Structure formats: C-alpha cells, structure tokens
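Here is a friendly tour of one protein model. Have the sequence and the 3D view ready, and follow along as we go.

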Amino acid sequence: MALRERWPAGAVYAPAALLVAVLLAGCQSLSGAAREDGRLGDAGASVPTSGPTSGYGAVFLAVDECSSFGTRSFTEVPCVSERAAARVVARYDGAVRDGPRCPATTDFVLHISEQRPSSDEDGDGAVPQGYACMRNLQPPHPGDPGGGGGPRTIVGDCVYGSGDDQVRETSCDGKGRQKPQYQVTKAVRSRTDCPPSTALYVRLGGTTPVGCAHPM
C-alpha cells in the first residue's frame with residue numbers, strides 16, 4: 001500500500017540566550033515502489049535543551065572538542081574529562097537546512113543558537129548560530145548503518161511503518177522497540193537504477209540521493 005509523503009514539523013527552541021538542541025532520528029515518509037512520487041527523506045526531531053555552557057577554545061564546540069550529556073544542557077568539556085560523552089566530528093555556522101550535511105555516521109546534531117553578550121570587550125564571548133555533528137565516544141552509535149538512529153538515513157539502515165504515513169528508523173538487529181520492516185541496501189542516482197525488487201525508495205541526498213529499500 002502506497003502512502004503519501006509527509007514531513008515532520010521543524011525544531012522548537014526554549015527561550016534562552018544560548019540554546020543547544022539535539023537532533024535525533026525522526027519520522028520519514030514511506031512509499032510503495034509503484035508510486036512515482038513515493039520517497040522517504042532524512043529528517044529529525046529536535047529536543048530543546050538549555051543551560052550553562054563553557055568554552056575551551058576559540059570556537060564553541062569546534063571540531064575534535066567534546067561535550068557532556070545532561071538532562072537540560074550539553075556543556076563543552078575537555079575530551080579527557082570523565083564527563084566527556086561525545087566528540088564534534090564536523091562544525092558549521094548557520095542553520096542545518098542551509099549548510100553542509102553532517103558525516104554519514106553522525107550520531108546526533110547539536111543546534112547552537114546565536115549569543116552576543118551586551119558587554120564584551122574583545123568579542124570572545126560571542127557565539128554565532130551553527131550546528132555541531134556529534135559522535136558518541138562510546139557505543140552505542142545510532143548513526144552507524146543499521147544502528148537505528150542518527151540524523152541521516154544511509155545504506156544499511158532499517159525502518160518500520162509508524163502510522164499516519166510515516167516511517168521511523170529502528171535497529172536492524174531486531175532488538176529495538178520496533179521490528180525492522182525494510183532495509184536500505186543500495187544508494188543510486190535515480191529510482192530507475194534500483195533493482196526491480198525494490199519495495200520503497202529512500203531520499204538520501206548527496207551524489208547518490210536515492211536509496212533502494214527491500215522488505216526484511
């Protein structure tokens with residue numbers, strides 16, 4: 001049964017001078033192979049967080065710097081700290097929708113809102129809007145192929161129908177809350193390059209934007 005495309009709502013941020021929001025795997029649209037307009041796109045649900053932050057370099061959460069995990073905040077900490085939980089693998093200014101995509105095996109994305117203190121003599125306290133692509137220091141790695149999460153859909157990932165014209169990623173090993181129904185087995189330039197047995201198409205983006213997904 002073919003389902004219509006539907007996209008999740010955008011991120012909602014709590015009011016604060018500097019906010020960091022984590023981007024996890026989100027709803028995506030499901031389609032049968034026979035539908036010409038059927039596709040599934042990579043997207044995510046943002047969880048707003050707020051709280052104090054601290055910097056250890058010229059750029060807040062620069063590449064190879066680390067963050068801690070907290071219930072309401074993600075604070076920059078030294079990577080040698082026992083509080084360090086994830087490392088920045090890529091860092092970009094601006095909004096996610098306007099900037100480069102995170103590496104394929106990114107576990108989650110931190111959205112950083114702009115902060116410009118009213119009194120700052122040398123300007124070092126200013127933090128521009130941007131986003132950091134994060135990789136957990138220790139397993140699990142939801143961004144890995146078949147890991148059941150991450151901000152991108154990649155070859156090896158599995159999905160299940162979640163209702164209301166949506167699908168979500170789930171662990172391919174069947175140990176998640178939901179059993180996998182389809183797996184992305186190939187990335188190609190167009191749907192015509194997918195094998196005839198393809199059950200649905202996945203929009204991956206990049207130079208090979210179409211994923212060919214087969215029933216599990």
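The sections below look at confidence, then a pair of strands, then the salt bridges.

Among the elements, strand S11 (residues 182-188) has the highest mean pLDDT, 95. At the other end is strand S3 (residues 44-47), whose mean of 35 is the lowest.

Now look at the start of the chain. Over residues 1-55, pLDDT stays under 50. The model does have 159 contacts beyond four places in sequence for this stretch. Still, where pLDDT is low, the predicted coordinates should not be read in detail.

Next, find strand S12 (residues 200-203) and strand S13 (residues 210-215). These strands run antiparallel and are joined by four bridges.

How many residues lie between S12 and S13 in the hairpin? There are six, and the turn includes Gly-205, which has a positive phi of about 80°.

## Salt bridges

Side chains of opposite charge can pair when their charged atoms come close. In this model, a search of the whole structure turns up three salt bridges.

One of them joins Arg-91 and Asp-93, with 3.7 Å between the closest N and O atoms. Are these two residues buried or exposed? Arg-91 has a relative accessible area of 14%, so it counts as buried, the cut-off being under 20%. Asp-93 has 55% relative accessibility and is therefore exposed, since the limit for that is over 50%.

## A network around Arg-135

Which residues are linked in a network of salt bridges? They are Asp-107, Arg-135 and Asp-144. Start with the salt bridge between the side chains of Arg-135 and Asp-107, at 3.8 Å from N to O. This pair links distant parts of the chain, 28 residues apart: Arg-135 belongs to strand S8 (residues 130-136), while Asp-107 sits in the loop between strand S6 (84-93) and strand S7 (108-112).

Arg-135 also forms a salt bridge with Asp-144, where the closest N and O atoms are 2.8 Å apart. Asp-107 is buried, because its relative accessible area is 1%. Asp-144, with a relative accessible area of 24%, is partly exposed.

Methods
Residues are numbered from 1 along each chain as its sequence is written. This is a predicted model: local features need pLDDT of at least 70, side-chain atom pairs count only at pLDDT 80 or more; totals for chains, interfaces and linings use all residues. Side-chain values use heavy atoms; hydrogens and water are left out. Two strands pair if DSSP finds at least two bridges between them. Helices (H or I, at least four residues) and strands (E, at least two) are DSSP runs, numbered from the N terminus. A salt bridge is a side-chain nitrogen of Lys or Arg within 4 Å of a carboxyl oxygen of Asp or Glu. Buried means under 20% relative accessible area, exposed over 50%, partly exposed in between (1.4 Å probe, protein chains only). pLDDT is the predictor's confidence in each residue, from 0 to 100. Contact means heavy atoms within 4.5 Å.
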